[in-house]
Amino acid sequence: MLGSLTKSDLQRDIDSLVQSVGGQPLSRDARRTSREHLSRLRNAYRDRPDLFDPATIQLLQQLAEELNTLPPSVGISPREVLRSTFGYAAFRSGQEEIIQAVLEGRDCIGVMPTGAGKSLTYQIPARILGGTTLVISPLIALMKDQVDALTELGIRATFINTSLDFEERRSRVAALRAGRYELVYAAPEGIEASLSEVLVGCDIRLVAVDEAHCISQWGHDFRPAYRNLTGLKTRLGGVPILALTATATAEVVTDIERQLGMRAPKQFRGSFFRPNLRLHVYRKGDGRNTRADLLALVRERADRSGIVYCLSRKTVEATAEFLREHGVRAMPYHAGMDPADRSRVQDAFRRDEIDVVVATVAFGMGIDKPNIRYVIHRDMPKSLESYYQEIGRAGRDGAPSDCVLFYSWAEVASFDRFTDGVDDQTVRARGRDQCREMFAWADRRACRHQTLVAYLGEAIAPCRTACDVCTKTDLLASVRAESVKPRKKSRDAFEGLTADDALLARLKSLRKQLADARGIPAYLVFSDAALIQMVERRPSNDSELLAVSGVGPKKLAQYGAAFLAALRSAT
Ligand SMILES: Nc1ncnc2c1ncn2[C@@H]1O[C@H](COP(=O)(O)OP(=O)(O)OP(=O)(O)O)[C@@H](O)[C@H]1O
Ligand SMILES: [Mg+2]
Ligand SMILES: [Zn+2]
C-alpha cells in the first residue's frame, strides 16, 4: 500500500490533520483521533522518509507537541492564551483592549512605548483567529529571532524574506498556501514582489504592520517600501489591519491610517511610564570624576548587559578603551566604523559575548535585546525625546534596570555650536530649545518619570519608587564608599556574593549552556525577569515553576527539570 503513496496524497493527509488540530477547540475525542492520525503519519515516515521535507517534519513535531502539551487554542480567551502559551499572568496596559478590538474584526492603531509588549497584540489573536496572521516587519535581521522565540513557545511561525534560498522559500510558500502557519513574517519589500500574489490565495485573517511609522514620511524612519502596503487591505478582501508603533505624533498616526486604507480604526495609546526603569541623574563636576564613577557603576554591574552613550566618536573610542583596560568586556560602536565591524559588535552583544557597548546615538533602531540592565549617558542627549528613546532600550523584559544620566552645561554649548551651523532658522531654534529643555529637566528636583512623560503629553502621579528624587537614593554613594576601601588582591568569582546572587549566576550559566546546545540566544530559553523571579520564589515543583512569569507549559516541558534541579541544589 505504502509503496503507492505519493507526495501529494501525503500533503493532503497532513493538511487534513492541520485543519483538525488548528481549526477549532479540540474535544477529548477529536484529540485522540488526531493523535491516531499523527501516529499513522509517523509510520508512513518510517517507511518513506524521502516524502518528508524538513519543513514538513518540523510541522509534524509541532503538531505532536501541540496535542501533548498545549490546550486547544482556537475559541479560547486571550487571557487563556496569555497564560498557557506565553506563561504570563496578566496583561500589560493596553494589550487586552487592542486584542479585543482585533478579535472583533476592527482596524486598529496601537501606540505604545518601546518594550510595552506590542507583539503580543497580534501573536495572541493569531492563535485565536485561526488561518494565518501576516506580520510586516522592517527588520529582516530580526525576523529569525522572533520566529525562533515563537517556535520555542510552540507557535507555528515562519518568515519569508530575501535571506532564504530558492528551495527553502518554495517549501515555506507551499506550507503557507496550505494554511500551516499561524504567523508569517515578511518585509515590506517582499510584498511588492511575488509574495503579494501568493497572499491573495491564502487564508489571511489579520495583517499586523509593525513599526508602522515607517510608512510615514513624517516619521523618523521613513521606508519607501512600506508604501507597497497601500491597497493590501483591499487586495486581501478587507482583512482587518493592526498598525503598531512607538512614535506618537498626530501627523504620523494620520498618515498610517490613510496609507494603509484603514476603516474607522480604533486607536489605543499605552502609557509611556516605564516603572521598571530607575532613573538617576548627576550633574558633572562638583569635584567628581565622571570616568571613575562610570567605571564603578559598570563594575558593580559585572556580567550584566549595558549601554554607555557618549556624545562624540572620540569619547566613544576613549571610553571603551578605558573600560577594557579595567577588565570590562566592552566594545565601541559608532557610525564611523565600517558596517561589518558594527554588526560584529551588535551580534556579540546580543549573544552576551560582551557586556557593554559604548556608543553614539548611531546605536539604536532594532536593538531588541530584552535583558539590557542599564543605560548610562556619559553625556547629555540632545533632547528629551532622544533621552526617552535611548533609556527605553533598557529593561524590555520588565525587570528593574538603571538609567544613569551625567549632564552639564558644556553639552548644551556643544549642541549650540552644532546647530549654529544649520541654515534653517526654525530648525536652529528648535535645536536650541530642545537641549535647553533637556538640561532643565535634568536640573529640576521633581519626580523624573512624572516630568518625563509630561513632556510626552501624559499626566501621572509621582513614581514614588523609581527615581532618585522620589526615593532619595544616590547610586554613587555606595560606589564611593566602596572605592575608599582597599581592594583585595585575589578574588574568587563567587566571594562576596549573596546566596541569591550566586543562585542567579548559576541559573544564568545553566541557561547559557542549554541555549548553546540548541544554538539559540540565551534569552530565548528564559528572560532575566523569569530567572529573577525563580530566585525570589524558589519554586520546587512543576506547578510552582509554572506560576513564574514567562514559564508556560512548553518551556516547562523542555527546561523545567533542569531548572528545578538547579533550584533544589541551592536550598
Ligand atoms: N503581559 C506581559 N507580561 C509579561 N511580559 C510581557 C507581557 N507582554 C509582553 N511581555 C514581554 O515584554 C517584552 C517586550 O515586548 P515586545 O517586544 O512586544 O515590545 P514592543 O512593544 O514591540 O517594543 P518595541 O517598540 O521596542 O518593538 C517581551 O520580552 C515580551 O515577552
Ligand atoms: Mg516591537
Ligand atoms: Zn519619581
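This is a predicted model: local features need pLDDT of at least 70, side-chain atom pairs count only at pLDDT 80 or more; totals for chains, interfaces and linings use all residues.
1. Domain layout. The domain assignment divides the chain into domain 1 (2-68), domain 2 (93-269), domain 3 (277-483) and domain 4 (501-569). Between the C-alpha centres of domain 1 and domain 3 there is a separation of 52 Å.

2. The sheet. Seven strands, in the order β3-β4-β2-β5-β6-β1-β7, form an open sheet with parallel pairing. At its edges are β3 (157-160) and β7 (266-269), each of which pairs on one side only. On average, and with direction ignored, neighbouring strands of this sheet are turned by 20° against each other. Helix α6 (residues 120-129) packs on the sheet, where it touches β1 (108-111), β2, β4, β5 (204-209) and β6 (241-245), and its direction makes about 175° with that of β5.

3. Strand β2 and its partners. With β4 (residues 183-186), strand β2 (residues 132-136) runs parallel and is joined by 4 bridges; with β5, the pairing is also in the parallel sense and extends over 5 bridges. On the β4 side, V135 stands opposite Y185 and I136 opposite A186, while in β5 the bridge partner of L134 is V207.

4. Burial along β2. The strand is mostly covered, with 5 of its 5 residues buried. T132, L134 and I136 point one way from β2, whereas T133 and V135 point the other way, and all of these residues are buried.

5. The nonpolar cores. The largest nonpolar core has 67 residues, of which A186, V207 and V209 touch the most other members. Helix α6 gives the most to this core, contributing 6 residues, and the core draws at least three residues from each of domain 1 (2-68) and domain 2 (93-269). Leaving out residues up to four places away in sequence, A186 touches L134, I136, F159, I160, N161, I191 and L195. Apart from this core lies another, of 53 residues, which includes L323, V345, V357 and C463.

6. Helix α19. Which residues of helix α19 (residues 448-455) are buried? They are R448, H449, L452 and V453. Because these residues cover an arc of only 110° around the axis, they lie on the same side of α19. After α19 comes G457, whose phi is positive, near 90°.

7. Is S20 buried, exposed or partly exposed? S20 is partly exposed, because 16 other C-beta atoms lie within 10 Å, and a residue would need 20 or more to be buried, or 12 or fewer to be exposed. If neighbours within four places in sequence are left aside, S20 is in contact with A30 and S34. The C-alpha atoms of S20 and T33 are separated by 9.3 Å, although these two residues are 13 residues apart along the chain.

Key:
Residues are numbered from 1 along each chain as its sequence is written. Chains are lettered from A and ligands numbered from 1 in the order in which they are written. Two strands pair if DSSP finds at least two bridges between them. Helices (H or I, at least four residues) and strands (E, at least two) are DSSP runs, numbered from the N terminus. Axes are lines fitted to C-alpha atoms, for helices over the stretch in contact, and angles run from 0 to 180 degrees between N-to-C directions. Two residues are in contact if their C-beta atoms, placed from the backbone, lie within 7 Å. The arc is that of the directions from the helix axis to the C-beta atoms. A nonpolar core is a set of buried Ala, Val, Leu, Ile, Met, Phe, Trp, Tyr and Cys residues joined through C-beta atoms within 7 Å. Domain bounds come from an automatic or database domain assignment.
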